[in-house]
2 protein chains.
Amino acid sequence: MAQKKVTIIGSGNWGSAIARIIGNTVVQHNATFQTRVPMWVFEEMVDDRKLSEIINTEHINVKYLPGKKLPENIVAVPDLLEATKDADILVFVVPHQFVEKLCNQLKGNVKSSAVAVSLIKGLSGKSTSSKLRLISEDISETLGIDAAVLMGANLAPEVANDNFCEATIGSKNLATAIELKKLFHTDNFRINIVQDFQTVEICGALKNVVACAAGFSDGLGYGDNTKAAIIRLGLMEMMRFIEYFYPNTRIKTFFESCGIADLVTTCYGGRNRKVCEAFAKTKRPLYELEAELLGGQSAQGPLTAAELYDVIKTRDLLKMFPLFEAVHNICIGQVPVEEFIGKIRNHPEYEDRSNAEFH
Amino acid sequence: MAQKKVTIIGSGNWGSAIARIIGNTVVQHNATFQTRVPMWVFEEMVDDRKLSEIINTEHINVKYLPGKKLPENIVAVPDLLEATKDADILVFVVPHQFVEKLCNQLKGNVKSSAVAVSLIKGLSGKSTSSKLRLISEDISETLGIDAAVLMGANLAPEVANDNFCEATIGSKNLATAIELKKLFHTDNFRINIVQDFQTVEICGALKNVVACAAGFSDGLGYGDNTKAAIIRLGLMEMMRFIEYFYPNTRIKTFFESCGIADLVTTCYGGRNRKVCEAFAKTKRPLYELEAELLGGQSAQGPLTAAELYDVIKTRDLLKMFPLFEAVHNICIGQVPVEEFIGKIRNHPEYEDRSNAEFH
């Protein structure tokens, strides 16, 4: 069998960190993969030089992952169709607002046997109040190919540092999952595969809402007990939500890196926590704090909370999700952050358990 | 029905924090409980005064919970049999090395209809390499009464501060669980009840071993990704261990406060993490660091790791528990702490998943 061509679509902080991994695994498994890996770069000028040229001569993404060498077989290509020509595996790692435009460009230009794997955390912009929509579904439907996902407790700077960590690949198809594991699994980036890709993907979006709640708790000066309760209640709402929309979800998936591990990391070390802690302390607008604290990156939590709120409200499910509701209402200024704990104190999790629920 | 008499056995930091809760709930539910609550105090002299007298006049446990008022219906009693006379509910909250002696004193002096509830985290000293033994089993068998447990993400100083948090009550018996919920559930201390008391109790012991691993990670300078992976792998080993000894364990119990929430709190804010972080940084003996950092309290993690190691080794199960094994070997100086990640890199969690395991 011919070796498969891998293309990385995206070259930000996370894309560059993952390129360091893929550049090595394709060489290690050169019977399976072509060793030259094009990386589509959104072209921009850095000190009067094209970013793609800098990457291809210095092998460093000076703008988004300074100081870290990329393997030389990672080749920056600013033209999307050239980068993805004849690709068998498309690794999507771009901010989620770019997905639709990129897929529309790719449409009709992708092998029908190709597979996509999305590393993008968030919900599709095409979610409506009546239908939840995944980014992998957008990719899959637009390109007419299968789309898997990779999610996990993966703060990009630490992955770029080769710190030991884990991730979860979700794919309907076992053969695809095994092949993708080959592409990502290294000594320090440990992969598990599961079939339950929707759960994997939605966990990656919803955890940011819980991280906002954790940030409020930190900003209000509560300690570890309260934060643990919030993380747990948030996880319970994530599970309720996913079970509601995908009744076939597997409870074990929540024990993978994409579940509890990513949630914990995000609630302790992530961007949404940071911005929402500052919000609780200063009461300044979120967009100001985001600009000030995140150096150009964005906090998805408040946006995801708004999307969730829409979906939940339309279905008259607000009572099941008091934490999600409260995060949204606090983010839009409808509820003072000091009232947060009051909003989750009578969480349905604390309802009396009858014989049936007494497990 | 006559109101039930509640006795608190123990008056340390956690005992005093819980006394602040119970002193209020018995008044709130005075149709169910007697409002006078004896608290057995291990008598000691504090500035030439008896601790029990200080508590009964100033209503502050100046030694173990300074600065926090105890409700006046909490009455310090230094005589164990006097404190527990005619008691219907015995709340055990003492260091676990005291349990055996106290139970032997109580034997034959407890109502046969009484129930115990243990707040003690650890394994019984009577565990042997061939049989795991729970503290609640010691209590139950010695006194001939039912014993429930209460565990959760409950750092005592934060509970004493009335910060919002949660706990889990485990009891075989639904009626007992409901009654105990009444005794502990408040606006800021939120209780869930489960039947699966063994899981609740063992989680409370095993999490300290995982917290040692988290401490090593912190001391070695790894970040949030690595710590999240360690917490997750530790949880997987906790689940394997409990499922092995108690095949009827319910996976949902791990989502209660006694499970993931307590684990996270302990891995971020607990004593074992702290001592093991210092150990990884300084290589000084654990007992020295414990004496220096914990102000007289002890770190149960290394002891529990040794007990676990015994049980696992005897059954030839070491391969299933590389994290538990590594923590023990590092604590006893058999393995350098720098080798920790190497010991979990090929964790059985990462083994290839066949069709059957591809969920």
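Is A:D86 buried, partly exposed or exposed, and what is its relative accessible area? In this predicted model, where local features need pLDDT of at least 70, side-chain atom pairs count only at pLDDT 80 or more, and totals for chains, interfaces and linings use all residues, A:D86 is partly exposed, with a relative accessible area of 46%; buried stands for under 20% relative accessible area, exposed for over 50%, and partly exposed for what lies in between, with a 1.4 Å probe and protein chains only. Residues are numbered from 1 along each chain as its sequence is written, chains are lettered from A and ligands numbered from 1 in the order in which they are written, and side-chain values use heavy atoms, with hydrogens and water left out.

A:D86 is found in the loop between helix 3 (80-84) and strand 6 (89-92) of chain A, where helices (H or I, at least four residues) and strands (E, at least two) are DSSP runs numbered from the N terminus. Although A:D86 is not a glycine, its phi is positive, at about 65°. A positive phi, near 65°, is also found at A:K283, a residue other than glycine, which lies in the loop between helix 11 (271-282) and helix 12 (286-293) of chain A. With a relative accessibility of 44%, A:K283 counts as partly exposed.

Chain A as a whole holds 15 helices and 10 strands, and buried residues make up 63% of its 359 residues. For a chain of 359 residues, a compact globule would have a radius of gyration near 21 Å, and the 21 Å of chain A agrees with this; the radius is taken over C-alpha atoms, and the globule rule is 2.2 Å times the number of residues to the power 0.38. Along the principal axes, the C-alpha atoms of chain A fill a box of roughly 60 × 45 × 35 Å. Among the contacts of chain A (heavy atoms within 4.5 Å) with a separation of 6 or more, 71% are accounted for by residues 24 or more positions apart.

In chain B, helix 14 (residues 322-331) is mostly covered, as 9 of its 10 residues are buried, including B:L323, B:F324 and B:I330. The buried residues of this helix pack against several other helices of chain B, among them helix 8 (197-219), helix 9 (224-245) and helix 13 (301-314). Helix 14 of chain B is followed by B:G333, whose phi is positive, near 80°.
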